[in-house]
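Visitor: I would like a short tour of this protein. Please keep it brisk.

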Amino acid sequence: MLTQQTVTPGITALEYAQRRSNLASKLPKNGIALLAASELKYRSGPVFYEFHQDSDFFYLTGKSTGEEDHVFHLFVRAKDPRVEQWEGSRSGTQAALDVFNADESGDIKDIEKSLSRIIREASEVYTDVSPSTTPTSTLSRLFTSRSPPQSNALSKILQPVTVKPLRSILNDLRNMKSDAEIANMRKAGQASGRAFTEAMRQAWTTEKDLNAFLEYTFKRNGCDASAYVPVVAGGRNASQIHYVRNDDVLLENDLVLADAGGEYGNYITDITRTWPVSGHFTPPQKDLYNAILATQRKCISLCRASASNSLDKIHQIAEETLRDSLAGLGFDMSGNAVETLFPHHLGHYIGLDVHDTPGQSRQAPLRAGQCVTVEPGLYIPDTDRWPAAFRGIGIRIEDSICVQEDHPLVLTTEAVKEIEDIEALRS
């Protein structure tokens, strides 16, 4: 019988089994899904990058016990004391059965022979594993002719069956979050939000120091790691949407934009705050900030299933709201003004990944259980078209939101964003 024992923070054995069962129910009779775990990536020689598991693989694996109406095969690296002395412990094939409750396990090195047997009995195969120029995983190497003696082996194994993409099926499953997933994202949001507020209390002179403080404080507050490479952009650097150098000085009269967040149990949070380096907004900074904050408040209020809005629709509302606000501040909003000043989408799905369920449409109405960001921003070029007082200013305000039936749940509320609250932190 399945137990409520947690396999990863907050997620039980039963939930992992239910995920696999849900996937199996989407497949035809005798259909199989084939997924590959991530492999360790190397920076140079024996020096490796920090490991991060493939999100789809992580979503489906975990300890469970009891009967299931599908068969769960898990191929892993076998125990090897000599290698483990250097790389750390491996779970091994027995743990695949005992810990992750696979119905069958095997050494990843023997996967070609085992897959031949499994696929012979399959009606259709669903997979997103594909050849790569420099394949790293054992499974991807089976696809490519660059890795003899397993030359194009998997493609040959799959020849007798119909092969279809798995992405859209897993996207639909992953896009709807369970209570346990939402709780993990709330923990990440709470810890990260508090780190932002702590950062706003202090005076910073360099982007590098602020970046280091945020990443350290995410962990100190309970996160496992940073969810993504932070953006810490002072002054005009904030107009570069994905500015990640984070190595400039912070000037007294500028704003600093920080886009960062931690992860907990592999679930992420995504926050952006913009605040004055001096602790106090100038009048033009305040006007622009209030326009963005009012837009964000309006858009967050629309993130409820009962409103039947899609992310694309809410984005259009954000554009219209910003257009009216900027016109009131003396901006010429003719032509492509909105697209120039607000060049990115209002939001995206979040979960195990910062941009979760890649390829998922933003045109469908939001449903209770989906988690999204709401992040309006304005980035004013230093050109004569725009009012002089606002040139060079970049501001974005972003929160992580869980869609509920009648009201949104803000997952990152601990990060202050009202002007009065921000300025009070340094009074």
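This is a predicted model: local features need pLDDT of at least 70, side-chain atom pairs count only at pLDDT 80 or more; totals for chains, interfaces and linings use all residues.

Visitor: What is the radius of gyration of the protein?

Guide: The radius is taken over C-alpha atoms, and the globule rule is 2.2 Å times the number of residues to the power 0.38. With 427 residues, a compact globule would come near 22 Å. The protein agrees with that, at 24 Å.

Visitor: What share of the residues is buried?

Guide: Buried means under 20% relative accessible area, with a 1.4 Å probe and protein chains only. Of the 427 residues, the buried share is 52%.

Visitor: How do the axes of H11 and H12 run, roughly parallel or roughly antiparallel?

Guide: Axes are lines fitted to C-alpha atoms over the stretch in contact, and angles run from 0 to 180 degrees between N-to-C directions. The axes of H11 (residues 283-301) and H12 (residues 311-328) come within 10 Å and cross at roughly 150°. Angles over 145 degrees count as roughly antiparallel, so H11 and H12 are roughly antiparallel.

Visitor: Which residues of H12 does H11 meet?

Guide: Contact means heavy atoms within 4.5 Å. From H11, Leu288, Ala291, Ile292, Thr295, Lys298 and Cys299 take part. Their partners in H12 are Ile314, Ile317, Ala318, Thr321, Leu322, Ser325 and Leu326.

Key. Residues are numbered from 1 along each chain as its sequence is written. Side-chain values use heavy atoms; hydrogens and water are left out. Helices (H or I, at least four residues) and strands (E, at least two) are DSSP runs, numbered from the N terminus. Angles under 35 degrees count as roughly parallel, over 145 as roughly antiparallel, 65 to 115 as roughly perpendicular and the rest as oblique. Buried means under 20% relative accessible area, exposed over 50%, partly exposed in between (1.4 Å probe, protein chains only).
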